Amino acid sequence: MILVTGGAGFIGANFILDWLRLNDEPVINLDKLTYAGNLNTLKELESDTRHIFIKGDIGDSQLVENILDKYKPRAVINFAAESHVDRSILEPHAFLQTNVIGTFNLLESVKKYWTNLPNSNEFRFLHVSTDEVYGSLERTEPAFTEGHKYEPNSPYSASKAASDHFVRAYHHTYGLPVLTTNCSNNYGPFHFPEKLIPLMIINALSGKGLPVYGDGQQIRDWLYVKDHCAAIRCVLAGGKVGETYNIGGWNEKPNIEIVNTICELLDELRPRADGKPYAKQIQYVADRPGHDRRYAVDANKIECQLDWRPAETFETGIRKTVQWYLDNQVWVENVQSGAYRTWISKNYAER
Ligand code: NAD
Ligand code: TYD
């Protein structure tokens, strides 16, 4: 039995779906179901007794302690977070609440549980984090290694950096057997359509503008979500306690190139009714405040020590992703309704 937090979100849900396709070890899924958490994503597990869903907050110590005592998981994998940089700029408080205080409360609950475990050496707390904690790179600088200094620039990355530090401290101070992963930008099925790739696909199909921030030359390092999930399984199985592992697919691309690739794929797979290219919908808009220029991950450590390699290239992964959104418009409509729609119309008149 493992406990996954944030398992109704993009990466957590992909992780659970893959985990249960690959083995029968049950998963408890603790998720608060914020705007980003959607049980529609886990529809195929509706009557699967290996998936135990519990709606709740990682910061609710009483609830988490009850779950740990009842189910006695051998590992906790912490995906739960507020995850969108733009939201963290507009409303940073929730990021502090969940990413910092929530993770801290979770660590406290887990420490209590772990202390009384008979086989406490075998337990693992795996904290899922981001490359954004390292800050921004100049074009010529080498990619982030695990030893790169932490220089978070957005409220999101600052909150993730704080949580990483608490995880580290719980190992050094109390001996909690932790592992931390710092992954680059993910993309793939079930990605919430406020992030670059799904937003561009959805906006293109509905004839809206494709808002590219600033000059569109910011670089992100993209990894297909299923490759991230495989890397997490690898770190859980073989990672050295107390260590951190960078995860990335050596796929640095400027944003404008990503947007053009999506437009070209849509031109091929779902041409516009008027026969014009989707790229006509691209609109350069005001830049994000404090926008990090470049992220790039050096994935040598996980490749050499744990023998992990991504299965998808960017070309295969992005084609699958565009096709997935074409095939799953109902999922998109479902997650876009309600609270998300209200928030978007309040904050982004043009979307
Ligand atoms: P997401 O926003 O899609 O999902 C987050 C999930 O956490 C949602 O289901 C939400 O309901 C849940 N949640 C939020 N607050 C909670 C709380 N207090 N208690 C319990 N559940 C809560 O995020 P994602 O993209 O799936 O990211 C998952 C993790 O991976 C995050 O920790 C993120 O920082 C990290 N990460 C993401 C990326 C990326 O590209 N998306 C890259 C590297 C690391
Ligand atoms: P995003 O998907 O929000 O991820 P992150 O900020 O965590 O990297 O954004 C990816 C890149 O795309 C980032 O440089 C900001 C840019 N971007 C746009 O140009 N337009 C958009 O509408 C969005 C959402 C992002």
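A polar contact is a pair of N or O atoms within 3.5 Å; within protein, one atom must be able to donate a hydrogen and the other to accept it, and residues adjacent in sequence count only if both atoms are side-chain atoms. The model shown is predicted, so local features need pLDDT of at least 70 and side-chain atom pairs count only at pLDDT 80 or more, while totals for chains, interfaces and linings use all residues. Residues are numbered from 1 along each chain as its sequence is written, chains are lettered from A and ligands numbered from 1 in the order in which they are written, and side-chain values use heavy atoms, with hydrogens and water left out.

**View 1. Polar contacts of ligand 2.** An oxygen atom of ligand 2 lies 2.9 Å from a polar backbone atom of L196, and an oxygen atom of this ligand is likewise 2.9 Å from a polar backbone atom of Y213. From the side chain of R288, an N or O atom comes to 2.6 Å from an oxygen atom of ligand 2. The protein buries 97% of the 510 Å² that ligand 2 exposes when taken alone (accessible areas come from the Shrake-Rupley method with a 1.4 Å probe; for residues, only the protein chains shown count as cover).

**View 2. The shell around ligand 2.** Ligand 2 is surrounded by 20 residues, of which E132, P211, R220, R288 and H291 are the closest (a residue is near a molecule or strand if one of its heavy atoms lies within 4 Å of it). At least two shell residues come from each of α3 (85-90), α6 (196-205) and β8 (210-213), where helices (H or I, at least four residues) and strands (E, at least two) are DSSP runs numbered from the N terminus.

**View 3. Ligand 1 and its surroundings.** Among the 28 residues around ligand 1, those that come nearest are I11, D31, S83, Y156 and K160. The side chain of D31 places an N or O atom 2.6 Å from an oxygen atom of ligand 1, whereas K32 has a backbone N or O atom 3.1 Å from a nitrogen atom of the ligand. A polar backbone atom of F79 is 3.0 Å from an oxygen atom of ligand 1. Of the 840 Å² of accessible area that ligand 1 has on its own, the protein covers 97%. With 3 residues, β5 gives the most to the shell around ligand 1.

View 4. Helix α8 (residues 255-269) packs against helix α10 (residues 314-327) at an angle of about 55°, with axes 10 Å apart (axes are lines fitted to C-alpha atoms, for helices over the stretch in contact, and angles run from 0 to 180 degrees between N-to-C directions). This angle makes α8 oblique to α10; angles under 35 degrees count as roughly parallel, over 145 as roughly antiparallel, 65 to 115 as roughly perpendicular and the rest as oblique. The packing angle of α6 and α8 is about 40°, with their axes 10 Å apart, and α6 is therefore oblique to α8.
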